[in-house]
Amino acid sequence: MTRRDILTFFHEPFGDAFYFGPEKISPAYRRWPTDKIERSGRGHYTYDWVLRSILDADEDPTKRVFIKDMSYHIVPPIHSITARAPSLEARNLANSSPNPTLLPTQVVDAFQFVFLIRDPAKAIPSLYRCFIPPLSAKTEDTSLDPTELGYRELRILLDHLREKNQDAPPLLIDADDLLADPDAILRPLCAYLDIFYSPSMLSWPTAEDQDFAFSLFEKYAGYHDDALNSAGLVPKVKKEDAMPCSSEEKNDEWEAKYGKEGMQVIRSAVDACRDDYGYLRSFRMRPS
């Protein structure tokens, strides 16, 4: 988001259709306050409406479009495996090859994909905080759905893209590697995307930077507070310096923070994602 001069950004745009629109796939709305969708202003967002907004932005010859989104927003999750997006059907070309997403194949083929994964033992406890006080007052949700974590859907999409683009498979980054040495990951990432890299991209200290981030993240209040309270990407504990924890130690840590019920929810979700994460991680870009 520090390259607003050359990029137009969309933050989880297909999540608007997945959660809020008339074609919504997620059952989360059943848990929400009855007026949440109306207050969001996104109740009319179909998948086609979202795609049109992206394609319209792509008409600007001075900028490229950068989209950050979740795999399960376009690859139907296990709770809705047969889901469709009727608004997109008119865009499907005759005799086009199938793909595992809700999007037309020619649209999927036009994207340049980069995958970012995170160890579920770190990602899921962080997400769980969004469903308990005090963050649940912002998110207006109190239940973590283990079928909306994205590892399974990311694996499905990665396999599809690797099979279709064997000579140029998509790039996959592990958040642990990124946090251990941001420069070593972002430099080759920018080369892959044909974007000039500068170390200044690792910080966003100005009020303008913060306001821009807030403008993108505010639609999912509570989920991005840590990012909004940051001013840059700095190296964390290096992998070789980090001591691995046993499952028992993690369970004790989670129970101390979230109680026994919370620990059980987290443990079950982490275990369910472990195999897919391990598979995905085997394809990660390794720091040079």
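A disulfide is a pair of cysteine sulfur atoms within 2.5 Å. The structure described here is a predicted model, in which local features need pLDDT of at least 70 and side-chain atom pairs count only at pLDDT 80 or more, while totals for chains, interfaces and linings use all residues. Residues are numbered from 1 along each chain as its sequence is written, and side-chain values use heavy atoms, with hydrogens and water left out.

Across the whole structure, zero disulfides are found. C130 takes part in none, its nearest cysteine sulfur being that of C273. The separation of 16 Å between the C273 sulfur and the closest cysteine sulfur, in C130, is too far for a bond.

The table lists buried residues (buried means under 20% relative accessible area, exposed over 50%, partly exposed in between; 1.4 Å probe, protein chains only).

| Residue | Relative accessible area |
|---|---|
| C130 | 4% |
| C273 | 6% |
| T139 | 1% |

T139 belongs to helix α6, residues 136-139; helices (H or I, at least four residues) and strands (E, at least two) are DSSP runs, numbered from the N terminus. A polar atom of the T139 side chain lies 2.7 Å from the backbone oxygen of C130. Beyond neighbours within four places in sequence, T139 is in contact (heavy atoms within 4.5 Å) with K36, C130, A221, G222 and Y223.

A nonpolar core is a set of buried Ala, Val, Leu, Ile, Met, Phe, Trp, Tyr and Cys residues joined through side-chain atoms within 4.5 Å. The largest such core has 53 residues, and Y19, Y47, F115 and I124 have the most contacts inside it. Helix α12 gives the most to this core, with nine residues.

Note on methods:
A polar contact is a pair of N or O atoms within 3.5 Å; within protein, one must be able to donate a hydrogen and the other to accept it, and residues adjacent in sequence count only if both atoms are side-chain atoms.
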